[in-house]
Amino acid sequence: MLKAVRAIQRPRIDQHIFGAHALPPEFKNFEKYIDYLIERVLPEVTKEKLADRADIFIEKGYFNPKLAKNIL
């Protein structure tokens, strides 16, 4: 999806990565998932210039401010 958004020339569309909005079933905890995003996903997104911004869902039962600080 990020590559498709990048391909659109006009109007200007801000590209966000919403990688930290839920815990995928293949991950056992939020910390390991954030580590995966930081180590594997974000470097590729950065290298390919696929997003201008990142977003994280902070709420009880989801991600917390400490994890948000790590990823942002």
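Predicted model: local features only at pLDDT ≥ 70, side-chain atom pairs only at ≥ 80, totals over all residues.
Residues are numbered from 1 along each chain as its sequence is written, and side-chain values use heavy atoms, with hydrogens and water left out.

**Aromatic residues**
- The structure holds 6 aromatic pairs (ring centres of Phe, Tyr and Trp, the last by its six-membered ring, within 6.5 Å; planes under 30 degrees apart are stacked, over 60 edge-to-face, the rest tilted).
- The Y33 and Y36 pair is stacked, because the ring centres are 6.3 Å apart and the planes lie at 25 degrees.
- Y33 is buried at 8% relative accessible area, while Y36 is partly exposed at 32% (buried is under 20%, exposed over 50%, partly exposed in between; 1.4 Å probe, protein chains only).
- Y33 and F63 form a tilted pair, with centres 6.4 Å apart and planes at 40 degrees.
- Y33 lies in α2 and F63 in the loop between β2 and α3, so this pair ties together parts 30 residues apart in sequence.
- F63 is buried, at 1% relative accessibility.
- One aromatic cluster is formed by F27, F30, Y33, Y36 and F63.

**Strands**
- β1 pairs with strand β2 (residues 53-56) in the parallel sense over 3 bridges (pairing requires at least two DSSP bridges).
- In this pairing, I17 stands opposite A54 in β2.

Terms used:
Helix = DSSP H or I, 4+ residues; strand = E, 2+ residues; numbered from the N terminus.
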